[in-house]
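Dear colleague,

I am handing over the structure we spoke about, and below it I have set out what was found in it. Please read the notes with the model open beside them.

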There are 2 protein chains.
Amino acid sequence: MRVASRDGRPLKETPVTDETPRAMNGAESLVRTLVEGGVEVCFTNPGTSEMHFVAALDRVEGMRCVLFLFEGGATGAADGYARMADKPASTLLHLGPGLANGLANLHNAKKARTPVVNIVGEHATYHREYNAPLTSDIEGLAHPMSSWVRTGMSATEIGSDGAAAIAAARTAPGQVATLILPANTAWDPGTGPEPVPPIPERARASDDAIAAAVRALQSGEPVLLHLGDRAVRGEGRVIADRIARKTGARLMAMTSNARIDRGAGTVPIERLPYPIDQGIAALKDFRHIVLIGATPPVGFFAYPGKPSLLAPEGSTTITLATPEEDQIDALERLAEAVAAPPAEPVAVGPRPKLPTSGPLDQDTIGQVLGALIPEGAVICDESITTGRNFFALTRDAAPHTWLQLSGGSIGLGIPMATGAAVACPDRKVINLQADGSGLYTVQALWTQAREHLDVVTLVWSNRSYAILRAELTNVGALNPGPKALGMLSLDDPAVDWVSLARGFGVAGRRVETLPDFIEAFQHALANPGPHLIEVAL
Amino acid sequence: MRVASRDGRPLKETPVTDETPRAMNGAESLVRTLVEGGVEVCFTNPGTSEMHFVAALDRVEGMRCVLFLFEGGATGAADGYARMADKPASTLLHLGPGLANGLANLHNAKKARTPVVNIVGEHATYHREYNAPLTSDIEGLAHPMSSWVRTGMSATEIGSDGAAAIAAARTAPGQVATLILPANTAWDPGTGPEPVPPIPERARASDDAIAAAVRALQSGEPVLLHLGDRAVRGEGRVIADRIARKTGARLMAMTSNARIDRGAGTVPIERLPYPIDQGIAALKDFRHIVLIGATPPVGFFAYPGKPSLLAPEGSTTITLATPEEDQIDALERLAEAVAAPPAEPVAVGPRPKLPTSGPLDQDTIGQVLGALIPEGAVICDESITTGRNFFALTRDAAPHTWLQLSGGSIGLGIPMATGAAVACPDRKVINLQADGSGLYTVQALWTQAREHLDVVTLVWSNRSYAILRAELTNVGALNPGPKALGMLSLDDPAVDWVSLARGFGVAGRRVETLPDFIEAFQHALANPGPHLIEVAL
């Protein structure tokens with residue numbers, strides 16, 4: 001490779017190898033900072049202003065770059081990756097519109113408290129005043145879905161900006177940190193990689209919080225230990241279970257959870273139901289709700305005549321540990337305070353049996369999942385209405401990890417599965433995908449094909465926004481007419497998922513019977529690489 | 001259908017139906033305000049919080065509701081619709097993430113100065129404080145891509161809020177007006193439709209501006225009349241041509257233009273080239289640049305060692321009329337001041353001939369377009385690199401309208417064509433579509449099928465982000481390695497557009513030779529309804 005010096009003449013000493021001495025520009029300083037800071041994957045859809053960052057990828061070892069056809073795929077993948085890798089990936093997006101296209105899944109990442117180093121290209125600092133067509137208020141766009149935003153000012157500082165972004169992303173429980181990268185901070189001479197500053201430890205829960213929880217647990221009244229974040233993932237459930245066995249408290253996860261490691265041999269846990277009436281009913285008998293990494297139970301939406309807060313009137317809500325605090329420590333201190341017994345192995349029951357006959361419906365599909373989910377699988381659940389009982393029916397499946405849509409912004413499933421598969425090349429990823437939701441970011445299938453990722457996408461093809469049919473009634477919009485019902489229907493024309501998958505390079509198959517579903521799913525599980533099964537409902 | 005009068009009582013003449021008398025809620029007040037204010041189409045992807053608006057559509061005559069699988073389709077369609085209808089459509093989007101998904105094409109609409117009434121659902125006002133999963137800073141998201149933002153406070157005011165949004169959208173030259181609609185402002189009792197407040201007229205150009213332009217035109221030095229907005233569309237070009245014939249000035253459109261009505265018999269006009277070096281070269285001989293509805297020529301991006309402003313050093317730039325001002329009036333006054341001759345009919349030359357042999361490449365495709373574009377066609381041009389010479393080669397085509405990507409946010413073509421077809425059911429819409437760009441919002445094909453829209457999508461299938469190959473060099477990222485080049489390639493796997501089209505219900509065909517292209521294009525032109533032709537390049 002021929003390398004030019006800064007003044008444009010060829011360097012005299014240029015060796016014949018492909019690594020040549022030369023000034024490191026801002027982009028390379030940033031990429032090296034990322035790699036040395038543990039950010040090893042970049043999910044991207046780049047443009048002109050990001051070309052120096054892209055070019056730097058060939059000069060720096062250790063950064064995998066994964067291309068998407070649409071930015072929502074990249075940001076959703078960054079979410080899925082970090083949930084599994086427990087460290088952030090970066091994105092690389094093209095100015096304001098590129099960021100905008102990624103915001104919906106950054107919203108999900110923010111609500112899941114996923115660490116993301118979100119890098120957005122920008123015009124050169126001196127070019128912004130001219131209001132070129134792609135100029136927009138990138139910081140303004142970034143703030144609503146980011147916990148940290150900074151615009152680089154110079155190539156000599158962009159390395160330390162990147163290091164600060166990593167630290168912000170990794171600050172517990174995890175944040176979306178957006179670094180805006182003006183083109184000249186990438187192409188001007190940089191100063192090399194910068195170390196990541198110290199990352200603050202999680203704060204410990206207060207003694208008062210522990211004492212309040214103890215009082216509730218010893219009150220003799222019904223107590224719910226409501227678990228989120230790290231408290232629900234796996235280790236925390238073991239401690240919570242010890243407390244429950246001692247005190248009679250019940251455990252319940254939030255409606256949506258970033259990650260739960262579960263299945264046979266793990267402490268089982270139910271989730272707060274999504275439908276407003278079921279959610280209220282699930283909580284109605286508790287007098288004390290102890291939040292451990294969870295936020296207070298609230299209605300997903302407001303509904304006329306129904307409360308926003310789901311806890312029963314007169315109950316107390318106690319925050320033992322916020323999502324930001326050290327929930328494991330808080331649980332251990334609480335367990336000690338109530339003299340909880342040691343952990344006991346969870347009895348492993350028989351694996352759910354594969355159904356051999358019956359219709360292809362939500363129940364039999366859930367049973368199939370329970371029977372066939374392979375050990376170590378990562379389940380990405382954007383099933384919406386179709387999957388309401390899948391969680392319960394897979395409780396005794398082989399040990400696996402369950403990732404959910406956390407911010408309610410549909411279109412996460414396919415991207416999240418893509419990112420999870422990048423993080424976990426040795427684990428099977430199974431994407432439980434509602435059809436309406438999947439269509440938002442269906443382009444991410446192409447990335448699965450391009451990267452040969454081991455993902456099975458199961459599409460629940462009911463050809464409608466089924467959830468909205470119920471919500472029409474819930475919000476009091478009764479007697480909907482044909483126009484309204486038309487807005488909830490995806491059957492004219494019917495979307496042909498097998499053709500869409502083929503279009504993006506993924507093998508697809510449509511099944512309409514239970515035996516066909518079982519056969520197709522078993523085939524996909526046995527053969528690595530991306531597969532899509534359109535399941536007719 | 002039961003209809004209520006403004007005071008909420010049922011009208012006596014209302015036929016008996018299954019709907020009981022009831023007060024008009026906020027949603028219906030808003031929908032009636034929109035319809036009475038001339039907003040007759042709603043492009044939407046709704047969710048729970050928008051269900052009352054959706055339900056109201058069946059109680060109000062005159063609002064066509066067009067569903068999209070992804071919000072970027074809805075906002076891009078609103079742009080295309082308004083460019084052709086010369087009045088705004090509304091959108092209906094689902095909270096912050098739904099808005100976010102629509103922002104990239106709202107950016108294009110903003111830069112095109114297209115009027116859009118952008119309606120975004122929101123949690124009920126009293127529910128926002130509980131930070132439910134879908135809660136976000138919607139106003140914060142809206143501001144960067146909107147010129148007017150308001151959050152409804154009550155159902156009794158939502159009608160007047162909607163009326164204000166229409167007035168804001170229609171304020172010249174056209175604005176994106178975002179009205180945020182909390183769920184309770186939709187379901188609480190409303191007060192009926194509200195009239196649209198007076199819309200300010202365009203300001204007239206100052207006499208000083210006219211005088212400055214006259215001095216430039218009479219200086220004997222080379223003058224460019226740089227046309228944008230209304231000055232470039234059609235009528236303005238006739239006046240500008242009169243001025244040019246009198247003074248020797250040249251006419252040139254901006255690089256990107258919201259709408260140009262052109263073809264045989266109209267005043268021809270070139271555009272400022274996109275590539276930075278060609279743009280600088282095109283302007284280098286002018287001593288005066290007179291802006292009429294155009295903004296100063298600037299580089300689309302910054303490039304190292306190249307200027308941001310493209311006008312030659314020492315030249316003067318004179319703003320005759322801003323995009324906000326009355327450009328036709330300004331042109332007429334200028335024509336009078338220089339004693340321009342009356343308009344002359346533009347000679348109609350022979351139609352371009354259909355090429356009969358040769359490779360299938362940019363030149364022959366351009367010739368085919370020149371020969372086959374039918375009279376009255378609406379061309380939606382997101383051709384990017386492939387289409388650099390299409391504009392010149394269609395100069396003498398049958399009279400047609402040319403719409404361009406105005407904000408540089410790719411993914412507009414398919415949605416814009418969809419909206420243009422809704423606006424102009426009697427005109428053939430032809431979408432010239434780069435493949436990389438088309439993949440951002442490919443889901444809008446489904447809406448074309450659902451609505452039986454008369455759109456021919458021609459996909460330039462070069463299977464790469466071809467523009468970025470040139471831009472790598474332009475920004476000085478020389479000698480790109482395999483990782484960098486991989487980020488510009490869409491050929492592994494190759495996207496199969498015919499399968500994608502089929503998946504969304506649109507008839508598709510791939511062509512690899514010139515005769516096949518001609519035959520397929522002629523077939524698509526002769527048969528109404530959506531067609532997609534993947535053109536192998």
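A:His127 counts as buried, because its relative accessibility is 0%, in what is a predicted model. This histidine lies in the loop between strand 4 and helix 5 of chain A, and, residues up to four places away in sequence not being counted, A:His127 touches A:Ala132 together with B:Gly299, B:Phe300, B:Phe301, B:Ala302 and B:Ser308 of chain B.

Chain B can be laid on chain A by a turn of 180° and a shift of 0.0 Å along the axis, with an RMSD of 0.0 Å, and that is the relation of a two-fold axis. Of the interface residues of chain B, 99% are also interface residues in chain A, so the copies meet through the same surface.

On the aromatic side chains, a search of the whole structure finds 18 aromatic pairs over all chains. One of them is formed by A:Phe390 and A:Trp460, and it is edge-to-face, at 5.3 Å centre to centre and with 65° between the planes. A:Phe390 lies in helix 14 (residues 390–393) of chain A and A:Trp460 in strand 16 (residues 455–461) of chain A, so this pair ties together parts that are 70 residues apart in sequence. Both A:Phe390 and A:Trp460 are buried. In chain B, the rings of B:Phe390 and B:Trp460 have their centres 5.3 Å apart and their planes at 65°, so that pair is edge-to-face. The pair links distant parts of chain B, 70 residues apart, with B:Phe390 in helix 14 (residues 390–393) and B:Trp460 in strand 16 (residues 455–461). B:Phe390 counts as buried because its relative accessibility is 0%, and B:Trp460 is buried with a relative accessible area of 0%.

Ring pairs also link A:Phe70, A:Tyr440, B:Phe70 and B:Tyr440 into a cluster, which has members from chain A and chain B. A charge over a ring was found in each chain as well: the charged end of A:Arg271 sits over the ring of A:Phe391, 3.9 Å from its centre, and the charged end of B:Arg271 sits over the ring of B:Phe391, 3.9 Å from its centre.

Helix 6 (residues 158–170) of chain B was looked at as a whole. At 1.5 Å a residue its 13 residues should span 18 Å, and its end C-alpha atoms are 18 Å apart, which agrees. This helix is mostly covered, with eleven of its 13 residues buried; among them are B:Ile158, B:Asp161, B:Ile166 and B:Ala169. What covers the buried residues of helix 6 includes helix 1 (26–36), strand 4 (116–122), strand 5 (148–151), strand 6 (176–182) and helix 7 (183–187) of chain B.

By way of contrast, B:Leu485, which is found in helix 19 (residues 482–486) of chain B, counts as partly exposed because its relative accessibility is 31%. Residues up to four places away in sequence not being counted, B:Leu485 touches B:Arg469, B:Leu472 and B:Pro480. The C-alpha atoms of B:Leu485 and B:Gly37, which are 448 residues apart along the chain, are separated by 51 Å.

Finally, two annotations come from the UniProt record, and the entry is unreviewed. UniProt lists residues 24–129 of chain A for "domain: Thiamine pyrophosphate enzyme N-terminal TPP-binding"; the end C-alpha atoms of that span lie 28 Å apart, and the span is 47% helix and 17% strand. UniProt also places the feature "domain: Thiamine pyrophosphate enzyme TPP-binding" at residues 398–535 of chain A, a span whose end C-alpha atoms lie 23 Å apart and which is 41% helix and 20% strand.

With best wishes

Definitions and conventions. Residues numbered from 1 in each chain as written. Chains lettered and ligands numbered in written order. Predicted model: local features only at pLDDT ≥ 70, side-chain atom pairs only at ≥ 80, totals over all residues. Heavy atoms only, no water. UniProt positions renumbered as here; feature names shortened; annotations may be inferred. Helix = DSSP H or I, 4+ residues; strand = E, 2+ residues; numbered from the N terminus. Expected span 1.5 Å × (residues − 1). Buried < 20%, exposed > 50% of the residue type's maximum accessible area, 1.4 Å probe, protein only. Contact = heavy atoms within 4.5 Å. Phe/Tyr/Trp six-rings, centres within 6.5 Å; stacked < 30°, edge-to-face > 60°. Lys NZ or Arg CZ within 6 Å of the ring centre and 35° of its normal. Least-squares fit on C-alpha atoms with pLDDT ≥ 70 in both.
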